[in-house]
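Visitor: I am new to this structure and would like to be walked through it. Could you show it to me before we talk?

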Amino acid sequence: MHRYGGPEVVVVEEIARPVPAMGKVLVRVAAAAVNPVDWKIREGYMSSMLPIEFPYTLGCDVAGTVEEVGEGVTRFQPGDSVFGYPNLLRCGAFAEYVCLEEEELAKAPSSLRLEEAAALPVAVMTAYDGLFTYGNLRVGQRVLILGGAGGVGSAAVQLAKWKGAEVFATASAKNQQWLRDLGATPIDYGSQATADHAREVDLILDCVGVASGVAALPSLKFGGTYVTTSYALPEADQLAAHRAIAHLFGIQPSGERLEEIAQIVDQGVVRLVVERVFPLEEVAAALAASQAGRTRGKLLIQPSSN
Ligand SMILES: NC(=O)c1ccc[n+]([C@@H]2O[C@H](COP(=O)([O-])OP(=O)(O)OC[C@H]3O[C@@H](n4cnc5c(N)ncnc54)[C@H](OP(=O)(O)O)[C@@H]3O)[C@@H](O)[C@H]2O)c1
């Protein structure tokens, strides 16, 4: 990207292969996953909180093979299979090669194909932080996940089941059976009122946006917790009516958290469905598909040369 804008500002260009500076790792990209943050950055919606510099290469979910390491790198060597989430000011994963800080990477789970590991970092880190770091979800509690069919939501359904919670999740009609298969009680937001089907929940995890969150508040038990992955909370008086404890948050790069995630993935706790794989040349179309808001699980981008 050389400027902010619609799909037309995303161009595929030849640039020099990055050289890993001190503490950095050059990764040959097997696949990168698409996230809503990519098109939000492209549009310029994030410009006040994320002052990027142009030219800028999108892509913040990556899996690949270590090609070269910079001075001082101790945890990785060429040939290692890794996955990672870089600082959003740099991103760069929609490419054949990308440099990440050593601390932004972990060894990829051994039970998945390397490309599949690209689907994990953002979705699973966000679900993990939303449910456990901020939501403090405990065994036996009830959780309502808004947007259960998306990347974050489908990861959250599986992590909440693993924790021993009772899980309710919203999606459209086409995703009801899939949510049931993942272990949730599904709620069709097109034909059912959420509050009629999920009652007295300890935690609402909103992966859709504030309008859905406000509509779901009657499901929250008095004094329950409301966590959103979006950038807006309900009004203070709406939260106060439920004595809700409310959090909004953003994930931070963490190789340590990714190591934990690789372990639980290898234990079979969480798997993300890949709805479609786009070649790198079709990156603009992949972003448009994400922006349409109907993705089941994740979309991946693969450079054909790797
Ligand atoms: N704070 C952070 O650090 C952080 C990190 C990651 C993501 N996020 C944000 O979290 C949100 C979710 O991310 P994501 O990657 O999971 O998005 P996503 O995969 O693109 O979400 C798509 C899903 O949203 C569902 N959906 C759309 N409208 C819905 C509604 N009204 N009610 C219930 N489900 C609905 C769709 O299901 P149906 O087709 O069945 O409608 C679809 O499966 C985004 O806003 C993203 O920017 C924040």
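Guide: A term comes first: domain bounds here come from an automatic or database domain assignment. This is a predicted model, in which local features need pLDDT of at least 70 and side-chain atom pairs count only at pLDDT 80 or more, while totals for chains, interfaces and linings use all residues. Residues are numbered from 1 along each chain as its sequence is written.

Visitor: How far apart do the C-alpha centres of domain 1 and domain 2 lie?

Guide: The C-alpha centres of the two domains are 28 Å apart. Domain 1 covers 7–120 + 271–302, and domain 2 covers 123–248.

Visitor: How many residues does the contact take from each domain?

Guide: Nine residues of domain 1 and nine residues of domain 2 take part. Two residues are in contact if their C-beta atoms, placed from the backbone, lie within 7 Å.

Visitor: And which classes are on the side of domain 1 that touches domain 2?

Guide: That side of domain 1 has five nonpolar, two polar and two charged residues. Ala, Val, Leu, Ile, Met, Phe, Trp, Tyr, Cys and Pro count as nonpolar, Asp, Glu, Lys and Arg as charged, and the others, Gly among them, as polar.

Visitor: Turning to the ligand, which residues come nearest?

Guide: Of the 31 residues around the ligand, the nearest are A149, G150, V152, S172 and T229. A residue is near a molecule or strand if its C-beta atom, placed from the backbone, lies within 6 Å of it.

Visitor: Which elements give two or more residues to that shell?

Guide: They are α1 (36–43), α3 (121–134), α4 (151–163) and β7 (166–171). Helices (H or I, at least four residues) and strands (E, at least two) are DSSP runs, numbered from the N terminus. By class, the shell around the ligand holds 13 nonpolar, 16 polar and two charged residues. Domain 1 and domain 2 each supply at least three residues to the shell.

Visitor: How many helices and strands does the protein chain have?

Guide: The protein chain has 10 helices and 13 strands. Its radius of gyration is 19 Å, close to the 19 Å that the globule rule gives for 306 residues, so the chain is as compact as a globular protein of that length. The radius is taken over C-alpha atoms, and the rule is 2.2 Å times the number of residues to the power 0.38. Along its principal axes, the C-alpha trace spans about 55 × 40 × 35 Å.

Visitor: What share of the residues count as buried?

Guide: Of the 306 residues, 48% count as buried. A residue is buried if 20 or more other C-beta atoms lie within 10 Å of its own, exposed if 12 or fewer, and partly exposed in between, with C-beta atoms placed from the backbone.

Visitor: Back to α3, then. How many of its residues are buried?

Guide: In α3, 12 of its 14 residues are buried, so the helix is mostly covered. Among them are P121, M125, D129 and Y134. After α3 comes N136, with a positive phi near 50°.

Visitor: Which residues of helix α10 are buried?

Guide: In α10 (residues 283–291) the buried residues are V283, A286, L287 and S290. They cover an arc of only 100° around the axis, which puts them on the same side of α10. That arc is the one formed by the directions from the helix axis to the C-beta atoms. Their cover includes α1, β12 (274–279) and β13 (298–302).

Visitor: Is C91 buried or exposed?

Guide: C91 counts as buried because there are 25 C-beta neighbours inside 10 Å. The residue sits in the loop between β3 (81–84) and β4 (97–101).

Visitor: And E200, buried or exposed?

Guide: E200 is exposed, with 10 other C-beta atoms within 10 Å. Its place is the loop between α6 (194–197) and β9 (201–206).
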